[in-house]
Structures are given as structure tokens and as C-alpha cells.
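I opened this notebook to keep track of what I looked up, one entry at a time. The sequence and the structure come first, and my entries follow.

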Amino acid sequence: MDFFHAHQAQHYLVLAALLFALGAAGVVLRRNAIIVLMSIELMLNAVNLTFLAFSRFPLVPNSPMGTFLSGHAAVFFVIATAAAEAAVGLAIVLAVFRTRISVNVDEFDTLKL
Amino acid sequence: MEVSWLHLLPLLPLLGAVTCGLVGKWLPKGWLYAVALLAVLLSFMVGLRAFFGLDETTQLFHQTAFHWFSAGSLRVDMGFTFDRLSGALTLVVTGVGFLIHVYSVGYIDEDPAYWRYFAYLNLFIAAMLTLILGDNLVAMFVGWEGVGLCSYLLIGFWFTDEQKAYAGRKAFVVNRIGDAGFLIGIFILFTQIGSVAFSQINATVVPLSVASLATLCLFIGATGKSAQIPLYIWLPDAMAGPTPVSALIHAATMVTAGVYMVARLSPLYVMAPGILAVVASVGALTALVSALIATSQNDIKKVLAYSTVSQLGYMFIGVGVGAFFAGTQHLITHAFFKACLFLCAGAVMHGLHGEQDMVRMGGLRKYMPSTRTTFLIATVAITGILPFSGFFSKDEILAQALHTKAFSFLTLTPRGNVHLTWLGPLIYLIGSFSAFLTSFYMWRCYFLTFSGEYRGPEDVHPHESPAVMTVPLWILSGLAVIGLVLALPPSWVHGSFLERWSWEHFTEGVFARPRGGAPEEFSALPGFAIALLVGWAGWACSYALFFKRGLAGDALLSEKLRGVRVALANKLYVDEFYGRAVVRPLWALAHGAWRVIDATIIDGLFVNGIPALVAWVGAMARRFQNGDVQRYAAVTALGVAALLYVFLVRGG
């Protein structure tokens, strides 16, 4: 089967993987805390895409969990959590910014004690 | 006959030792003395009761106190045998031991550690009785090690003095060499006979090779404990201990354990005539060498110590020529007069505030009449001048050596018959010459100490010891006199009431006869005549030199025999030789082993190496914890990626 013409989960999964990798790279490499938070959002959304892909093209056709709604439900949870996380994350960044006058994560290294 | 009270003999002194050792420090002095003395006295009473229970029908008492341990086919019981030999020795140990305990009350009274002293002394009696009464080799070995321990503890009694502590260590280490031989002997006997009990060993006929090897190994043990060449070097140094200890342990009892062991295993030893020859030769050589050294020592205790080594040599001559009764008989008489001599030396030192050098003594007969008289009696006894005990017991040994047939053994070697007929007379000659030397050095000791004028410093006023010390002296010197009853030739006392006290008659049936048979009947009188001549010759030489001239006699002797005297005064450099030949190489080996095995491998590789490795890993790992969240995340991501790779790609 030709990869580019098959309407299967692969396309979505590959796209999700690329997005996830981009997000992970952003988390690891970027120095700005805001950008890091945004990269986390990107990773979460890559995961959401995976959920939806498997919801549309289920691996087990007659799952007792229902055909596609469980994937959608999980996505909603993720969106809600991501919103909360972003709020908390931004609040932390704000708090740190007030004491350090900086959003450069390289300077936040007091975790090691 | 099986009885149930033999265990009391070693148990009572053991209880005394425990009491003195654990609570003695807080007991009033009188109570402590009462406990220590009563323990030994009661033990002596039990021994007496048992001794007089022996008769024609009851040859021995036996008790199996408890089953000690089993391993495979080895079964070891803690059992005691009280027969004529072990019974007599029990009486000697507890009797002389009690007298020395009494004496010690006067001697050690002012030492703050008197309670420790009596604990050790009681423990020694307990261990010695275990050694004597034990009915198997393992029980005997327990006692053997026990007396060794007490000897070590008491030599190093004043352990704050480095030299005395060293002397204790030396005794312990030298004895350990002998004990290794003893242990190997036990192992050989167990594998070949299948039992360690004396009754079994003595009833089994073993091949010549087994008997020779086992007896040789056991004899090595005896050379350690009984201070024979080549392991005699510890005994003179053992004089560092308190003098009553020298009398009890290093003269009268412990050092005779080797002789006792050979006599106990007489049926085994007569199966190995070659080893009997070794025993007798070692004994003769030791008697000669140590008597020579004794002639040139100035320390009164050293003279007595070498004299002890020499007399032990006589005992080994006795058992070595197959006359086990003669060896053990000399053991008993020697216990009396040598204990007396040592206690006299102790009294002299006590009266002179610790002086041991005979150069600073002299003329003490005026100040210490009791000590002087008892010393004189014991000297007469040891020098073999009529009529005291040493004369008969020593001459019996020499006569037996001259007439022995123990070395004329037949068809025992593959290459035919062996007749060492020359060995007996040779030993007789060496023994007689040693007897001359014995007489010479003992009279020298007597003259330098008690005759002439006092040569010590002005501020030391010699005085007689208290009665608690002189009474044991008198009793012991009395025993040294009446000990002669034991040693009278049986033909002299035949039919009289003394016959049953004659040791040779008394121990009939206890010892085995040598393979070559007992010596033929011989007349004792020529031997006595020669012995008397030799003894008086020694006295005459000593008298001419030391009584007439005092210290000048010593100087005269040194002038005539310069090199010999110097060598003898330095103990023939045996200690130095051992130091070079044995101690130094061993020391170097131990040092090397310490450097390589201990310092490098154990300390370096294990003790310090493993923590160093852990520390290094920690130092490496700590670089990862730098507080940078992004690096944590990167490492985590890489780790997850690696796991995914492993499980999904390679595992899938």
C-alpha cells in the first residue's frame, strides 16, 4: 500500500511524532521559560493528535470502551489539564521573574541544593 | 572401678580460680586466701582418699564426667583415670601446690594484684590435674594448653615490665611450636587407631612406622613443654615470673608434663625403639648442655632454671631407655627438692629486696638460718650425695641407661637387626659427667649465696622470711629427704614394710616393658660408688674454688677457661642463633606478608579500594545533578528514547 495514499493512522502518528519531537527539543534547548511552556503545549497537543488518530482508526475494531469516544474524552481531559498547567506555569514564571528579573531557565538551578 | 567423684579434683581448684578471678578483688584478703588455699587443700584431700583406695583389687578409679563432643567416628569424653601413676602425680601437684600456695601468701601479700595471682595459681592446679587425670589425649591436650596459658599469664604477671611480658610471649610461642607436633601426633593416632583414649591406644599394636611417627610428633610436644633441646630456650626466661610460680610451674609440675606423657603412652613408645633412642639422646644432650650453662650463670634463678632443664633431661633419659619407673620416680623426687630450692631462692630474694645476682649475696647463713638449712638439704638431694632422694632416683636412671636393652631391638627394620648397644653406656657417661657438673654448679650456688661474707650493698639488710614462708620450706626439705624411700632399690627393702612404698614396686604393671626386655639383674653398688665419687668430686671442686676463695674462685675459673666461660655465660649463644636462623627470617616473612597481603591487598584493595570506587562513582554521578531542569529533561528524553528503541525496535 502506498504510504501517502492510505488514509490510515500512520500519517497522523508521524505528524504527532514530529510535533512531539519539536516540542521536546524546544523544552530542552530553549532558554526562555515562556517558550519552554509553549513547547510543552506543543508536546501535549502532539499527544492529543495521537489520541484522535487512534480514535478514528482503532486498533481493536470492537472495543468494549466504545468505538471512538474514549479518545475524544481523553483529549478533553488533556486540554483541561494543559490549561491548568499553563496557568500554574505562567504564575511560577511570573513569580520567578519578580525575584530574579529574568526568564532565562539557565539561571534557575537551585533545584540541586 | 567407676566412681563419681573424680571430677572434684580439677573442679575444686577451678571453682577457686573462678571465685578469686571474678570477685577476688572485692573480697577481704583473708577470705581470698582461704578460698584459694582451701580449694587446693580439699583437692589434695580427695586425692589422698583416692590414693589410699587403690589396692590389689582396685587398680584404678575411672570416671566419665561427660560426653564432650563427637564428629564422625571421633568421640571425645571428658574422662578421668586415677591409677598409681596419675594418682601419685596428683598428690605431688596438689601437695606441693598447696605448700607453694601457703608460701605465696607471704610472698605476694604486698602486691596489689594478689587476687589475680591466686586466680591464676588455682587455674593452673585445675589445668594440671586435667592434664594428669585425663583419660584420653584430647582431655590431656586441654590440660596441656591450660597449663601453658597459666604459665604465660604468670610469667608475664608483672606485665608492665616490657621484658617480663616478652618472656611470657616467648614461652607461649616456643610452646606453640611443640604443641603443633603434639596435635599432629594426636591426629596420626586417631586416624591409625580410631580412638584417642589411652586405654585404646595402649592396647593396640601398630606398625613400626606409625608408632615411630606418632611418638616422634608427641615427643616434639614434650620438648616444648618440658624444655628439651631444641625448644628449651623459653624456660630460663620464664624466671621473669614470681618465684613461687617458678617453683610450682617451671620446676615441679608443668615442665614434667612431657615426661608424664611419654610414661603414660609407654606401650606406644616401646613399639618405636628408634624414637626411644631419640628421647634418651635428647635427654642426655640437654642434661649436659644445660648443666654446662648452669656452671657459669650468676643469677640464682637462672642457675636453678638451667638445673631444672638438666634434671628434666635426666627424666627423659629414664623414660628413653625404657625405664619408665625411673624417669617418673626422678620426676617426683625432683618436684620436692627443686620446689624447695626455688622457694629458698625466693626467700633469699625476699630478704634482699629482690636481689637475684649471686655476686651481691654471700654470707647469708648468718641472717637466714632456716632458708640456709633447707637449701643445704635440697642441694645435697639434687647433687646426688648420700643419702637423700636425688641420689637414688638419679642413680637409678643412670644404672638403667647403662644396662638398658631398649635399643637392642630385633627384626624391626627392613635391613635386619639393629643393635644400638653402645648408646646406653654412652648416655651413662654423659649422664655421669652431667652429674658431676650438677654437683659443681649447685655447690657453687650454695657457697656463693650462703658462705663467706655478705657482699651486697650497705643499705640492704638481709632478714629471714616470715613463718608462712619458712614452714613450707621445712616441709619440702623433709619431703626431699624421705623421698628416698620411693627410690630405694627394691632388693634393699624386699620384705620390709617399706617395700610397698618403693616406686618400682608400686608401679608394677603400669608401664610397658621395652621390646628388648628389661635389663638383667645387676648389682646397684658399683653404680652407687661411682655416683658418690662423681658427686663428691663436684663438691670438692666447688669447695676448693668457691668456699675457699669466694668470688675470687669464679674469677680464677674465668681466667683459666676464658673462652668457654664467656660462651657459657652467654648461654652458648643459642638465643642469638635462633634469632638469626629462625626468628629473623620468620620476622622478614611476616613483614613481607604484612606489606603485600595485609597492607596492599586487604587494606589497599578491599578496605580502602571499595570505598574509593564508590566515592569515584559518586563524584562522577554528581556531575549529572547540576540543578539544570533542562538537562534533566534532556537526559530523561534520551533515556526514554533509548528504552523505546530497545523495547520497540530491537525487542519487537
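Before listing any buried residues I wrote down the cut-off: a residue is buried if 20 or more other C-beta atoms lie within 10 Å of its own, exposed if 12 or fewer, and partly exposed in between. I also noted at the outset that this is a predicted model.

**Entry 1, helix 23 of chain B.** With that cut-off in hand I went to helix 23 of chain B, where B:Gly527, B:Ala531, B:Val534, B:Gly535, B:Gly538, B:Trp539, B:Ser542, B:Leu545 and B:Phe546 are buried. I asked myself why residues three or four places apart in an α-helix point the same way. The reason is that an α-helix has 3.6 residues a turn. I then looked up the partners, and the buried residues of helix 23 of chain B pack against helix 17 (389-403), helix 18 (423-450) and helix 24 (551-560) of chain B.

Next I checked the length: helix 23 of chain B covers residues 524-549, which is 26 residues, and spans 37 Å from its first C-alpha to its last, close to the 38 Å expected at 1.5 Å a residue. Just after helix 23 of chain B comes B:Gly550, and its phi is positive, at about 65°.

**Entry 2, chain B as a whole.** I stepped back and counted 27 helices and 2 strands in chain B. Its C-alpha atoms fill a box of roughly 110 × 65 × 55 Å along the principal axes. Chain B has 652 residues, and 51% of them count as buried. For contacts in chain B with a separation of 6 or more, I noted that 79% come from residues 24 or more positions apart.

The domain assignment divides out domain 1 (272-569) and domain 2 (576-650) in chain B, and I recorded 66 Å between the C-alpha centres of domain 1 and domain 2 of chain B.

Which residues touch the most other members of the largest nonpolar core? They are B:Ala339 and B:Cys340, in a core of 207 residues. Setting aside neighbours within four places in sequence, I found B:Ala339 in contact with B:Val96, B:Ile100, B:Ala247, B:Leu248, B:Ala251, B:Ala252 and B:Leu476. A second, separate core has 10 residues, among them A:Val27, A:Met43, A:Leu44 and A:Ala53.

I then turned to B:Val93, which is found in helix 3 (residues 84-107) of chain B. Is B:Val93 buried or exposed? B:Val93 is buried, because 30 other C-beta atoms lie within 10 Å. Again leaving aside neighbours within four places in sequence, I listed the contacts of B:Val93 as B:Ile125, B:Met128, B:Leu129, B:Ile132 and B:Thr253. I also looked up the separation between B:Val93 and B:Pro457, which are 364 residues apart along the chain, and their C-alpha atoms are 38 Å apart.

I noted a cis peptide bond between B:Ile229 and B:Pro230, with omega at about 10°. B:Pro230 sits in the loop between helix 8 (208-225) and helix 9 (234-237) of chain B.

Another loop, between helix 25 (562-569) and helix 26 (574-622) of chain B, holds B:Lys571, and the loop between helix 25 and helix 26 of chain B also holds B:Leu572. B:Lys571 is not a glycine, yet it has a positive phi of about 55°, and B:Leu572, also not a glycine, has a positive phi of about 60°. B:Lys571 counts as partly exposed because it has 19 C-beta neighbours inside 10 Å, and B:Leu572 is partly exposed with 16 other C-beta atoms within 10 Å.

Finally I looked at chain A, which has 3 helices and 0 strands, in the order α-α-α along the sequence. Of its 113 residues, 13% are buried. Among contacts in chain A between residues at least 6 apart in sequence, I recorded that 53% join residues at least 24 apart.

The contact between the chains takes 10 residues from chain A and 9 residues from chain B. By class, I found 6 nonpolar, 1 polar and 3 charged residues on the side of chain A that touches chain B.

Terms used: Residues numbered from 1 in each chain as written. Chains lettered and ligands numbered in written order. Predicted model: local features only at pLDDT ≥ 70, side-chain atom pairs only at ≥ 80, totals over all residues. Helix = DSSP H or I, 4+ residues; strand = E, 2+ residues; numbered from the N terminus. Contact = placed C-beta atoms within 7 Å. Nonpolar A, V, L, I, M, F, W, Y, C, P; charged D, E, K, R; others polar. Domains from an automatic or database assignment. Expected span 1.5 Å × (residues − 1). Core = buried A, V, L, I, M, F, W, Y, C linked by C-beta atoms within 7 Å.
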